[in-house]
Amino acid sequence: MKADPKADAAPAAGSKKKLMIMAIAGVLVLGGGAGAGWFFLHGSGDAEAAHEEAPKKKKKKEKEAVKAEYVPVEAFTVNLQPENGDQYLQVQFTLQVEGPEQVTLIKDNMAKVRSRVLLLLSGKKASEINTVEGKQQLAAEIKAVVTEPFDEGGDEQDVADVLFTSFIIQ
């Protein structure tokens with residue numbers, strides 16, 4: 001008897017399909033197991049970290065509830081420390097503070113603010129503040145002198161940022 005060619009081909013094709021389905025199922029099961037393992041190992045750590053950070057987030061939300069206020073400061077014109085002859089700096093900036101109480105406090109003590117900033121600016125050289133990094137450093141220094149308490153034993157001012165509105169070196 002001759003073997004039927006159709007009968008031999010059908011089981012081979014069926015066995016390849018089964019093998020392919022089993023391989024795909026195996027990959028899915030392994031991938032799902034790896035994903036579940038990763039979730040339980042890393043997911044539980046994130047849950048604990050999120051639980052620990054919950055108080056920090058609350059404080060940020062409370063701070064965000066206070067609207068940022070802006071206090072413009074009149075322009076300064078100062079002589080810079082000599083390098084290449086006489087050089088001048090004309091700068092104007094705005095202070096970003098937290099809440100209307102800080103606005104009132106800074107405005108009431110504007111003479112102290114201006115004096116502190118004037119002393120800081122007059123000690124600078126043009127080469128120190130000519131670059132972007134120099135300006136950023138100067139903004140940080142202005143913020144530091146403005147946040148110092150106005151009264152002995154008083155609280156520091158809550159200055160969030162110093163924003164330059166005009167900056168000319170001549």
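Phe93 stands opposite Phe164 in strand β3. This is a predicted model, in which local features need pLDDT of at least 70 and side-chain atom pairs count only at pLDDT 80 or more, while totals for chains, interfaces and linings use all residues. Residues are numbered from 1 along each chain as its sequence is written, and side-chain values use heavy atoms, with hydrogens and water left out. The chain has five helices and three strands; helices (H or I, at least four residues) and strands (E, at least two) are DSSP runs, numbered from the N terminus.

**The sheet**

- The three strands make an open sheet in the order β1-β2-β3, with antiparallel pairing (two strands pair if DSSP finds at least two bridges between them).
- Strands β1 (68-79) and β3 (159-169) are at the edges with a single partner strand each, so one side of each has no neighbour in the sheet.
- On average, neighbouring strands of this sheet are turned by 20 degrees against each other, direction ignored.
- Strand β2 (residues 88-98) is joined to β3 by nine bridges, and the two run antiparallel.

**Helices on the sheet**

- Helix α2 lies across β1, β2 and β3 and runs at about 145 degrees to β2; axes are lines fitted to C-alpha atoms, for helices over the stretch in contact, and angles run from 0 to 180 degrees between N-to-C directions.
- Helix α3 (residues 110-122) lies across β1 and β2, at about 45 degrees to β1.

**Gln102**

- Gln102 is part of helix α2 (residues 100-108).
- The relative accessible area of Gln102 is 15%, so this residue is buried (buried means under 20% relative accessible area, exposed over 50%, partly exposed in between, with a 1.4 Å probe and protein chains only).
- Leaving aside residues up to four places away in sequence, Gln102 touches Val97, Gln157 and Asp158; contact means heavy atoms within 4.5 Å.
- From its side chain, Gln102 reaches the backbone nitrogen of Asp158 at 2.9 Å.

**The chain as a whole**

- Along the sequence, the pattern is α-β-β-α-α-α-α-β.
- Of the 170 residues in the chain, 22% are buried.
- Among contacts in the chain with a separation of 6 or more, 70% are between residues 24 or more positions apart.
- The chain has an accessible surface of about 12,300 Å², and 58% of that surface belongs to carbon and sulfur atoms; accessible areas come from the Shrake-Rupley method with a 1.4 Å probe, and for residues only the protein chains shown count as cover.

How values were computed: A polar contact is a pair of N or O atoms within 3.5 Å; within protein, one must be able to donate a hydrogen and the other to accept it, and residues adjacent in sequence count only if both atoms are side-chain atoms.
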